[in-house]
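Please look at the sequence and the structure while I talk.

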Amino acid sequence: IEPHLLPITGEKFKYKTANTDDQARLDVSARGVWVDMDKTFLDIKVFNSRADSNIKKSLTSALASHENEKKRVYNARVLEVEKASFTPIVFSTTGTMGREAERFYRRLAVILSGKTKQSIPDAIRYIRQRLS
């Protein structure tokens with residue numbers, strides 16, 4: 001189930017594109033991703049790098065553009081209202097991950113390797129196989 005965000009109670013955000021809808025949702029929430037017991041919200045986007053809107057951009061800049069778009073929409077609300085962190089998880093349809101997604105996968109691998117005593121590369125491989 002996609003977690004609902006808390007309603008806005010008069011907060012003003014920097015970007016006009018910020019989502020202020022009372023029924024706003026993000027794709028996933030989890031605790032302990034970046035800091036023990038702190039809540040993190042994730043929003044996942046897969047985009048076609050060959051679409052007209054992306055074709056003139058390098059893959060790296062298209063990934064960054066989509067990450068920044070997600071941050072403009074959700075980051076301030078999650079930080080200020082939810083008192084949590086926000087991580088956009090962006091992939092191209094060819095499977096390339098954005099910088100934030102790579103950071104998230106690496107962090108999951110570190111957590112998993114600490115619990116299972118496997119190496120970080122093995123944990124990354126396991127996560128990619130399970131989440132693909």
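**Backbone angles and salt bridges**

Met37 sits in the loop that runs between strand E1 (28-31) and strand E2 (39-47), where helices (H or I, at least four residues) and strands (E, at least two) are DSSP runs numbered from the N terminus. What we have here is a predicted model, in which local features need pLDDT of at least 70 and side-chain atom pairs count only at pLDDT 80 or more, while totals for chains, interfaces and linings use all residues. Residues are numbered from 1 along each chain as its sequence is written, and side-chain values use heavy atoms, with hydrogens and water left out.

Most residues other than glycine have a negative phi. Met37, however, has a positive phi, near 70°, and with 60% relative accessibility it counts as exposed; buried means under 20% relative accessible area, exposed over 50%, and partly exposed in between, with a 1.4 Å probe and protein chains only. Lys117, in the loop between helix H2 (99-116) and helix H3 (120-131), also has a positive phi, near 65°.

Turning to salt bridges, meaning a side-chain nitrogen of Lys or Arg within 4 Å of a carboxyl oxygen of Asp or Glu, the count comes to 6. Asp43 belongs to strand E2 and Lys70 to helix H1 (residues 59-82), so the pair ties together parts that are 27 residues apart in sequence. Both Asp43 and Lys70 are buried.
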